[in-house]
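Hi,

Here is the structure I promised to pass on. Have a look at it first, then read my notes below.

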Amino acid sequence: MRLMARANRQMFAVRRQLKTSTVSAIMKHALPAGSDALARLSPFVAALEKSEKDMDVDSPAITGQSHGSQKQSVLPEVEIFCYLLVTIFLIDQKKLKEAKACSTAAVKRLQQLNRRTLDFLAARVFYYYSYSHEITDSLADIRGTLLALHQTATLRHDELGQETLLNLLLRNYLHYNLYDHAEKLRSKTQRSDSHSNQQLCRYLFYLGKIRTIQLEYTDAKECLLQAGRKAPASARGFRIQCTKWAVIVRLLLGEIPERTTFMQPGMRKALRPYFELTNAVRIGDLELFRHVAEKSSSVFTADKCHNLIVRLRHNVIRTGLRNISIAYSRISLTDVAKKLHLDSATPVDDAESIVTKAIRDGGIDASVDHSNGWMQSKETGDVYSTQEPQQAFHSRIAFCLNIHNEAVQALRFPPDAHKKELESAEKRRERQQQEQELAKHIAEEDDDEF
């Protein structure tokens, strides 16, 4: 398992240097001539060679002289690694149809094997299997296969495969806006401690989206913020998506995100529509909010959060009403309707309904004089005499304690470390060098995983 994990990490370094001739040479040297594995993979490599017009250079033959009278057997790990290599290269070369066929063949081959040393490679094959179908807009076709693979991984106690397949299934459901199906699957699936930081980030992001649609904004906010913090700095696209959804959830909760949220390096342009939206909500200007929603409608639709923007209209009205109640001790409902830019047939009646509902919900501290048709604001009390500062302090302390608990849970100690003899200086330098190499490989994996 340790060696397979190392090979999995080396995949990203190899990927940057891949060419058609390189892939052909790898197939030729890794898979014996005349083997069944080479026969299965040769059509995909031949398609690449044909496109580059180098069929006669480094072209592995499907049939040829073998080293024995019978076909030589190939290690399943080597075969699956070659499948994975070819699939990734086909995706990089934009040969999506061939990549989908190759990944499908790899999954069918994996279903015939049952080896724990294949777990690392199998998880990566499943990911590219789903990704190749996603970019060809055929995710619905593989949903049954993914469910069967998840069931098999559960029976075999393949925890990494379970994590990967669960995230792929959630992504599959959310791609078609099947949030109820995704929640039912998530609630009925037993999830152990995460073995991959990337899979944990994805799981938190999908869970945050589900919680947002279900109106559970507090839980959604925690999940989305955790996903953004745990994601590596190089995963810019993933962090942008987490930030977009987190901003909307915080606005729905009545919070205003800090300006620094939208000024992060490399994210300003992508978050510009959400910054303008936040500014409209903060001011409480319904006309400005409507203008921003229409202007950036294509962006919100592409991010699949247009329905959440519609929900924000009520928050904009409440914010504007709160500003009015603070600025005026008494104001007529007609002026309230004008300042809120209510464009309905009966703006005064709508303004009265909105004001009374805000008073009932505790959004403003005022009263309505129905006979005279005005809103009477009460004097603003001392905020420090309420429980609001205590609640804010409690939320910050809870956040710090949560980070501390996660850090303690992440600690790992080798068994019987206190019984071993003290290492020499040479061994210490060797161990530190190995740790630095491992950290470098893990960093490269985090960079390329997203």
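In helix α16, the buried residues are L308, I309, L312, N315, V316, I317, T319, G320, L321, I324 and S325. Keep in mind while you browse that this is a predicted model.

How far does α16 reach from its first C-alpha to its last? The helix covers residues 306-327, 22 residues in total, and reaches 32 Å, close to the 32 Å expected at 1.5 Å a residue. There is a bend in α16 too, of about 25° at L312, and L312 is one of the buried residues.

Next, the core. The largest nonpolar core has 108 residues, and M27, L41, F289 and M375 have the most contacts inside it. At least three of its residues come from domain 1 (1-47 + 76-183), and at least three from domain 2 (328-379). As background, nonpolar side chains tend to be buried together in soluble globular proteins.

T243 sits in helix α12 (residues 236-252). Is T243 buried or exposed? It counts as buried because its relative accessibility is 13%, under the 20% cut-off. Not counting residues up to four places away in sequence, T243 touches T261, Q264, M267 and L271.

The other one is Q162, in helix α8 (residues 159-175). With 15% relative accessibility, Q162 also counts as buried. Leaving aside neighbours within four places in sequence, Q162 is in contact with H150, A153, T154, H157 and Q190.

Cheers

Technical notes:
Residues numbered from 1 in each chain as written. Predicted model: local features only at pLDDT ≥ 70, side-chain atom pairs only at ≥ 80, totals over all residues. Heavy atoms only, no water. Helix = DSSP H or I, 4+ residues; strand = E, 2+ residues; numbered from the N terminus. Buried < 20%, exposed > 50% of the residue type's maximum accessible area, 1.4 Å probe, protein only. Contact = heavy atoms within 4.5 Å. Expected span 1.5 Å × (residues − 1). Bend = angle between axes of the 7 residues up to and from the residue. Core = buried A, V, L, I, M, F, W, Y, C linked by side-chain atoms within 4.5 Å. Domains from an automatic or database assignment.
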